[in-house]
Amino acid sequence: MRDESIFDFDELNEECGVFAIIGHPDAALLTYYGLHALQHRGQESAGIVSAEDGELFAKRGTGLVTEVFDSANLKGLKGTTTIGHVRYSTSGGSGLENAQPLLFNFSSGKLAIATNGNLVNAKRLRLQLEKEGSIFQTTSDTEVIAHLIARSKAPTLKEAVKEALKQVVGAYALLILTNDQLIVASDPHGLRPFAMGKIGDAHVFSSETCAFNVIGAELVREIEPGEMIVFDRNGGMKTTRFAGKRERALCAFEYVYFARPDSLIRGVNVHAARKRMGRILSQEAPVEADVVTGVPDSSTSAAIGFAEATGIPYELGLIKNRYIGRTFIQPSQELREQGVRMKLSAVEGVVSGKRVVMVDDSIVRGTTSRRIVRMLREAGATEVHVRISSPPVKNPCFYGIDTPDRKQLVAAVKSIDEICKEIGADSLAFLSAKGMLNAIGYTSSDQNHGHCLACFTGEYPTEVEEGLTLEGKS
């Protein structure tokens, strides 16, 4: 299902990103740029569906945005309204059949649908729908929503979508496009980031605001949890709700790792939040050292914050090779070490003879941290102190982030001292949950922190069906 990547599944990965625009003559081209800005959220496939004169036009493919689209097929995506998607699979396979937006034929016409997230009750709903006669064409959670819409007896599409969303549980930023409507919705807890912007008179929607920056759109606001926005063929916009007010539970890992540093989430700049994480981490776990370095790229901001707060110089002690292939194959265990060296290199002139603080955003299995610590020592570092800018990841995520089963998460089965010994570090410390929340704007006076911390605490904002594992999701 998932590629055996260089880090042997030792990185967390976001499932996907969504983008839409309505009311712009260059909708397809702007969606292309928007998806390119969201490429970090998914590299397995990309797709765009557009609408014009009662017809839907689609282009999907496996690979990066620049590999799927060119000037010719973008011109074929006619119309002023489009939805787009980039995908990394945590549920379902990575083949073309699961590339989104998914396109379906209904009695009233065609419907395209794209989501960012995962449904925790998708497996049960799929089995129920199959017993009732539904035939599934993909293994994606997203198709479950489409079948629920198709089976609805509601008089309008808006009501059918509402009815369907009331039956699903999980995390999603949802886009639906028909020949005459665009529907946008966010799950009742707002687990996945989702924002609305404007460029001229056109409305734009994106998983992250960094896509707005690329196309020159202005941020209007975030989509509220449980909110649904419906646009008609004339561009008329109506806002409604399909779920009552519930506790917001935005994924905290968006700030730690997933989102681009130039994105705003709930009014907070991601880069600034990560710098604050580094500063607070330095206060919670001080250490005497000569140089601070971050594991590129997501840990760079936290490493800078750590260095600024301590006065220890920040240096590029680790360099990332940006040209390595996405699916580099390692046919043997022996080559896995070489794989890490192809992706990361230690700078001997920076770390040799130095006590190094290596700042990273998380430890999943521990294999990557062990290899990087060894790499720094081989480059001459006399001490390597590992500092992690998030709490220990002890629980799997069921909402659209690729984490292993709990037993494969090193922090779930080993103490911090044991992890430190396993990765070969001189010391190891994690940022506290309180410190992380303070860094992203939470204060003790807030009645609730408004973020999902399930991977750290095991407290899930929704019911998680018994026996659900990453491998067991639809």
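These legends describe close-up views of one predicted model.

Residues are numbered from 1 along each chain as its sequence is written. In this predicted model, local features need pLDDT of at least 70, side-chain atom pairs count only at pLDDT 80 or more, totals for chains, interfaces and linings use all residues, and side-chain values use heavy atoms, with hydrogens and water left out.

**View 1. H85 sits in strand β5 (residues 81-87).** Helices (H or I, at least four residues) and strands (E, at least two) are DSSP runs, numbered from the N terminus. H85 has a relative accessible area of 0%. It therefore counts as buried (under 20% relative accessible area; exposed is over 50%, partly exposed in between; 1.4 Å probe, protein chains only). The H85 side chain reaches the backbone oxygen of T115 at 2.9 Å. Contact means heavy atoms within 4.5 Å. Beyond its neighbours within four places in sequence, H85 touches C16, G17, V18, L35, S45, A46, G47, Q100, P101, A114 and T115.

**View 2. An open sheet has 6 strands.** Their order is β6-β7-β8-β9-β13-β14, and the pairing is antiparallel. Two strands pair if DSSP finds at least two bridges between them. From one strand to the next, the twist averages 20°. Axes are lines fitted to C-alpha atoms, for helices over the stretch in contact, and angles run from 0 to 180 degrees between N-to-C directions.

**View 3. Strands β8 and β9 pair within the model.** β8 (residues 173-178) and β9 (residues 182-186) are antiparallel and share 5 bridges. L175 stands opposite V184 in β9.

**View 4. Strands β13 and β14 form a hairpin.** β13 (residues 227-231) and β14 (residues 237-241) run antiparallel, joined by 5 bridges. V230 faces K238 in β14. The hairpin has 5 residues between the strands. G235 takes a positive phi near 85° there.

**View 5. Helix α4 packs with helix α5.** α4 covers residues 122-131, and α5 covers residues 141-151. The angle is about 45°, and the axes are 10 Å apart. That makes α4 oblique to α5 (angles under 35 degrees count as roughly parallel, over 145 as roughly antiparallel, 65 to 115 as roughly perpendicular and the rest as oblique). A122, L125, R126 and L129 in α4 meet D141, V144, H147, L148 and R151 in α5.

**View 6. Helix α5 lies across β6, β7 (109-116) and β8.** The helix runs at about 15° to β6.

How values were computed. Polar contact = N/O pair within 3.5 Å; in protein donor to acceptor, adjacent residues only side chain to side chain.
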